[in-house]
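Take a look at what's shown below, then read on.

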Amino acid sequence: MKEKFNIDQPHLKENPYSVPEGYFFSLQSTISDRISQKDSKVGLWSLIKPQLALVSTFALVFLMGYGAMKLFSPSVTESGSEMLITNSKTLEDNHLEASFIDFFDDETDSLTKKTEIVDPEEIIEYLNTDAGIVYLASLE
Amino acid sequence: MDDKDLLALYKEDGKGHYAFNLIVGKYSERLYWHIRKIVASHEDANDLLQNTFIKAWNGLPEFREESKLFTWLYRIATNEVLTFLKRKKVRSFLSLTDYSKQLENILESDVYFNGDATQKALHKAILKLPKKQRLVFNMRYFDELKYEEISEILGTSVGALKASYHHATQKIRESLQELL
């Protein structure tokens with residue numbers, strides 16, 4: 001009868017594994033460094049978190065307001081001719097308003113005001129913002 | 001310094017890091033060998049040990065001293081090992097490889113394994129055990145922990161642990177009988 005293998009031999013309980021030289025000596029500083037790094041990262045994050053929350057809130061409110069404006073703005077859904085009428089009306093209103101302001105504003109008095117030189121790029125920009133003017137000009 | 005003094009030192013203002021370094025110095029070797037005998041590889045054991053201590057550092061403020069400090073650390077290390085083995089098992093399954101075979105190969109080629117043929121056969125047999133049985137066997141056989149201590153660490157009844165150890169011992173004996 002085969003003898004049962006005796007696993008309780010003291011020799012078998014010895015540790016056959018080893019580690020690289022100095023491993024346990026350097027382990028403490030390795031773990032200490034990792035903990036310090038972790039703590040400094042956590043510190044920075046807790047500093048930034050409330051600021052980020054505030055910025056996100058403002059961004060959300062802004063987007064909601066912008067979205068609502070876009071949704072309820074009349075010029076977005078109008079057709080071409082309707083847009084023209086709307087823009088002409090807006091131009092007229094703006095002209096009236098401008099004349100009213102000019103009446104009281106010395107800076108824009110045509111008798112005394114010197115001729116200003118306008119940057120062509122500013123003109124292009126102005127024309128691009130209001131396509132109605134360009135359309136009117138093209139009709140002439 | 002005993003655990004009670006270490007924990008008292010940890011709670012003192014500005015002494016947390018210093019106290020924790022002492023804890024690492026006191027328990028790192030024991031925990032390392034506990035982990036190493038399960039995972040075989042030094043690199044894996046090193047990673048798991050470091051993770052254990054990082055988790056211990058994070059959990060220390062909430063440690064209520066209901067168990068001994070060493071039992072608590074042992075439990076963290078054991079959970080790290082179990083999670084690691086679970087991940088390895090899934091990865092091996094997906095890549096159609098046998099993880100227990102991989103462990104055997106690690107043992108064969110490991111420069112940090114200095115045992116003789118019998119010791120190698122024993123450790124190969126241990127690596128073939130199911131992971132929880134492996135843990136129970138190592139904690140009883142190598143670390144010589146009492147069943148009550150193992151029960152506290154693993155959250156398993158003493159009766160179940162005794163049965164587990166008995167089965168593990170039988171399997172290892174049969175395995176060694178075949179190999180040698």
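Q: What pattern does chain B follow, read along the sequence?
A: This is a predicted model, where local features need pLDDT of at least 70, side-chain atom pairs count only at pLDDT 80 or more, and totals for chains, interfaces and linings use all residues. Residues are numbered from 1 along each chain as its sequence is written, while chains are lettered from A and ligands numbered from 1 in the order in which they are written. Helices (H or I, at least four residues) and strands (E, at least two) are DSSP runs, numbered from the N terminus. Chain B has 9 helices and 0 strands, and its pattern reads α-α-α-α-α-α-α-α-α.

Q: How do H3(B) and H4(B) lie to each other, and which hand does their crossing have?
A: Helix H3 (residues 42–59) and helix H4 (residues 69–94) of chain B pack with axes 9 Å apart, at an angle of about 130°. Axes are lines fitted to C-alpha atoms, for helices over the stretch in contact, and angles run from 0 to 180 degrees between N-to-C directions. Angles under 35 degrees count as roughly parallel, over 145 as roughly antiparallel, 65 to 115 as roughly perpendicular and the rest as oblique, so H3(B) is oblique to H4(B). A crossing is left-handed if the near helix is turned anticlockwise from the far one by less than a right angle and right-handed if clockwise; this one is right-handed.

Q: Is Ala40(B) buried or exposed?
A: Ala40(B) sits in the loop between helix H2 (16–39) and H3 of chain B, and has a positive phi of about 70° although it isn't a glycine. A residue is buried if 20 or more other C-beta atoms lie within 10 Å of its own, exposed if 12 or fewer, and partly exposed in between, with C-beta atoms placed from the backbone. Ala40(B) has 22 such neighbours, so it counts as buried.

Q: Is Glu144(B) buried or exposed?
A: Glu144(B) is in the loop between helix H7 (131–141) and helix H8 (147–154) of chain B. With 9 C-beta neighbours inside 10 Å, Glu144(B) counts as exposed.
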